[in-house]
Amino acid sequence: MKPPDTPQLSLLQRFSRFLHLDIPEVWLRFLLAIVGLVLAFAAALFSTVSRESGNLWATLVLASAALLLAVIVGLTTVPYLARRVAGAGIRDAFDYDVTRVGIVYVGIVLLIGIAALNTGNNLLYIIVAAMLAAIMVSGFASALVLRDLELDVRLPEHVFAGRPMMGGIVVRNPRRWLPSFSVNVVSVKKDSGNKHWQWMPTTFAVPPGRPAEKQWMKFRDYKLRRVPKIKASPSIFEGAAYFPYVPAGSALKADLELRFDRRGCYRQKTFGLATRFPFAFLNKTRHVPLGREIVVYPRIEPTDEFFEVLPMITGEFETFARGRGDDLYLIREYMPEDSARHVDWKATAKSGSLKVREFSREDERKLRIVFDNPSQGVISEKAYEDAVSLAASLSWHFAGKNTDISFVSQDYSGDPDVYRFLSHLAVVQPQPQSSVVERLQPSDDYNIILTTRPRGGIPTALWACSYFVFLGPK
């Protein structure tokens, strides 16, 4: 069984190893291309001789073989060598994908070309030339359509996981006279494998396979090797936005619906402008370097656990924060230290004893939400994600309840801005750190603490001013 980290070799590299030749792939491709072109030229010459001798079948087979060899060399060697000599910016500027229409069209051109070679009909030669010219015109026109186009991707400021949000894609055509047709804005996807190809320096020597002192010619070269790829962040944009017509000197905008299933930081460095104009032979994509980043907050949809703990948290919080303010909390018996202006005379008349109104103190409704981030493996991944979602839901709920709220976590600075805390929860991961509950001191704040610590490990002073949500074990 082959080890999982063994690089996969191309067919040419396997052929080179079979012959015990340590030849770089570029030289092997070059030599095979020369051999293929020589064979194609020889087949073309023999097809001419066969036609003059009147052997129709030999002419057909040899002419077809000549065309087939030339096409194989053109498709396998020319793009490979072009990628080597071109700079990285030029290589990454465009992507070319042959469509089904293009494949059928090339097949028709080959058939007509074979017929032209066999019959010598000048009209067929003219048709083949016109069809080949159409391919060149298609490539030139598609490049002209995408040239100078400007792209802008506008993202919403706050995004929650599981909720659709609207963004925008703007395509500008700064040219004065030339419009663009059939433009698609797409996400440029790189190879998603665990490894990628990279050029590594090497030396090509003649004759190969001999000691260095017996090699009379050496060339500095580069060899393709597969190296592990760094895992990329998930991309922002996965769909496509279509602009059938972009007038000259104008900008068009398309709404973009974004939906992210998981929290986290999403980045994308490159977008693509693609077109099949004018004949749909090729799908040409121009890479547009445009860096965008968006932080997706955890889900804040009320869950069963949220509805279960919210009433108890609210009740204990109101009990902790009751005082004298504007919101009526309860009517109770009169005490000597109470002011006469708070006496409820209707309740007093009904009960026969003095009753006073007690209000919640709005200026002292201080709440502190504590997310005690557990270490790796303490709870399951699903339980951890549920805990993060519950902390985000509670934060979002109480932030809109006229409450002086603050937040505490291991790697959080304590900024009272709810969006800053949601951004922290968006990227938080289990860390092997000490529990934040150990250094949490009692204060005027009422605490909502989400922790995996056992009940016996909670400081006694926190029980009177805190509500604990104990996260389930693994």
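## Polar contacts of N447

In this predicted model, the side chains of N447 and R368 are joined by a polar contact of 2.6 Å. The side chain of N447 also makes a polar contact with that of S466, at 3.1 Å. N447 belongs to strand 17, which covers residues 446-451.

With a relative accessible area of 0%, N447 is buried, since the cut-off for burial is under 20%. Apart from neighbours within four places in sequence, the residues in contact with N447 are R368, L462, C465, S466 and Y467.

## Salt bridges

Side chains of opposite charge can pair when their charged atoms come close. The structure holds nine salt bridges. One of them is formed by the side chains of R292 and D152, at 2.8 Å from N to O. R292 lies in strand 11 and D152 in strand 2 (residues 150-154), so this pair ties together parts that are 140 residues apart in sequence. D152 is buried, with a relative accessible area of 17%, whereas R292 is partly exposed at 24%. A network of salt bridges links D152, R154 and R292.

A salt bridge also forms between R263 and E385, whose closest N and O atoms are 2.9 Å apart. Because R263 lies in the loop between strand 9 (250-258) and strand 10, and E385 in helix 10 (residues 381-399), the pair ties together parts that are 122 residues apart in sequence. R263 is buried, with a relative accessible area of 11%, and E385 is partly exposed, at 24%.

The side chains of R453 and E438 meet in a salt bridge of 3.1 Å, N to O. R453 lies in the loop between strand 17 and helix 12 (460-463), and E438 in the loop between helix 11 (418-427) and strand 17, so the parts tied together here are 15 residues apart in sequence. E438 counts as exposed, at 52% relative accessibility.

The buried residues in helix 6 include G102, Y105, V109 and I114. Just after this helix, G120 takes a positive phi of about 70°.

Helix 7 comprises the 25 residues 122-146 and reaches 37 Å from its first C-alpha to its last, close to the expected 36 Å. Among its buried residues are V128, M131, A134 and L146. The cover over the buried residues of helix 7 includes helix 6 (100-119) together with strands 1, 5, 10 and 11. Just after helix 7, D148 takes a positive phi of about 70°.

## Surface of helix 2

A nonpolar patch on the surface is formed by F30, L31, I34 and V38, with about 350 Å² of accessible area together. L31 lies in helix 2 (residues 25-53) and is partly exposed, with a relative accessible area of 44%.

F41 is also in helix 2 and is exposed, at 55% relative accessible area. F41 and L67 are 26 residues apart in sequence, and their C-alpha atoms are 9.5 Å apart in space.

## Overall organisation

The protein contains 12 helices and 18 strands. Of its 474 residues, 38% are buried. The accessible surface comes to about 28000 Å², with 60% belonging to carbon and sulfur atoms. Among contacts between residues at least 6 apart in sequence, 70% join residues at least 24 apart.

Methods: Residues are numbered from 1 along each chain as its sequence is written. This is a predicted model: local features need pLDDT of at least 70, side-chain atom pairs count only at pLDDT 80 or more; totals for chains, interfaces and linings use all residues. Side-chain values use heavy atoms; hydrogens and water are left out. Helices (H or I, at least four residues) and strands (E, at least two) are DSSP runs, numbered from the N terminus. The expected span of a helix is 1.5 Å times one less than its number of residues. Buried means under 20% relative accessible area, exposed over 50%, partly exposed in between (1.4 Å probe, protein chains only). Contact means heavy atoms within 4.5 Å. Patches are made of residues with over 30% relative accessible area and no salt bridge: like charges are joined within 9 Å, nonpolar side chains (Val, Leu, Ile, Met, Phe, Trp, Tyr) within 5 Å. Accessible areas come from the Shrake-Rupley method with a 1.4 Å probe; for residues, only the protein chains shown count as cover. A salt bridge is a side-chain nitrogen of Lys or Arg within 4 Å of a carboxyl oxygen of Asp or Glu. A polar contact is a pair of N or O atoms within 3.5 Å; within protein, one must be able to donate a hydrogen and the other to accept it, and residues adjacent in sequence count only if both atoms are side-chain atoms.
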